[in-house]
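Have a go at each one before reading its solution.

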Amino acid sequence: MNAEQQAKFRASVRPRLLPADGPQLLHFLTALPGLEENDDAIITFLDRPDQTKETLGDSLHTIALGNASERVNDEALRRVFEKKAMTAYLLQFVSSLRLNATQLEQERSRLQVLSTDPSATRGQRDAASVVLKCWNGDRHAFCQPPGEDINEQPASE
């Protein structure tokens, strides 16, 4: 999808509530990595005006479990951090996201901020610190944050 087609598509989509299983539908799009049309569709979905912290978190979880492109991984992470939707639970999946060197450095900077953010929960800070130490951008690297804090909610805005 080129930029003009994306603009037309976005203009044609009428805002409506996301279905409860909307983020799970991303699984099908991440199953075939490398297709620019799929990447564009995922990013368009992430850009919907009715996205909430919860749906963005669910989307990031689905994307992390799939085989999304570096571009999609970076876009999903950026949106989750911008909405302050990152949770200790989601952080256990972040290290499975493959990124290029530039993207990895940006996302690691965001993790660094989260690891010292006084408005974040202790669980979020601790989990961000664990992932920060071991995440190298390799899809097969897996950093396990402390299990006792993974059910904490995101920091308030």
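**Exercise 1.** In this predicted model, find how many aromatic pairs there are and work out how the rings are arranged.

*Solution.* Start with the count, which comes to one aromatic pair. Its members are tyrosine 89 and phenylalanine 93, with ring centres 5.3 Å apart. Centres must lie within 6.5 Å to pair, and planes over 60 degrees apart count as edge-to-face. The planes here are at 65 degrees, so the pair is edge-to-face.

**Exercise 2.** Locate lysine 84 and say what stands out about its phi.

*Solution.* First, look in the loop between helix H5 (70-82) and helix H6 (88-94), where lysine 84 is found. Then check the backbone: phi is near 55 degrees, a positive value in a residue other than glycine. Most residues other than glycine have a negative phi. Finally, the relative accessible area of lysine 84 is 36%, so the residue is partly exposed.

**Exercise 3.** Describe the secondary structure of the chain and its share of buried residues.

*Solution.* Count the elements: eight helices and zero strands. Then turn to burial: of the 157 residues in the chain, 46% are buried.

Note on methods: Residues numbered from 1 in each chain as written. Predicted model: local features only at pLDDT ≥ 70, side-chain atom pairs only at ≥ 80, totals over all residues. Heavy atoms only, no water. Helix = DSSP H or I, 4+ residues; strand = E, 2+ residues; numbered from the N terminus. Buried < 20%, exposed > 50% of the residue type's maximum accessible area, 1.4 Å probe, protein only. Phe/Tyr/Trp six-rings, centres within 6.5 Å; stacked < 30°, edge-to-face > 60°.
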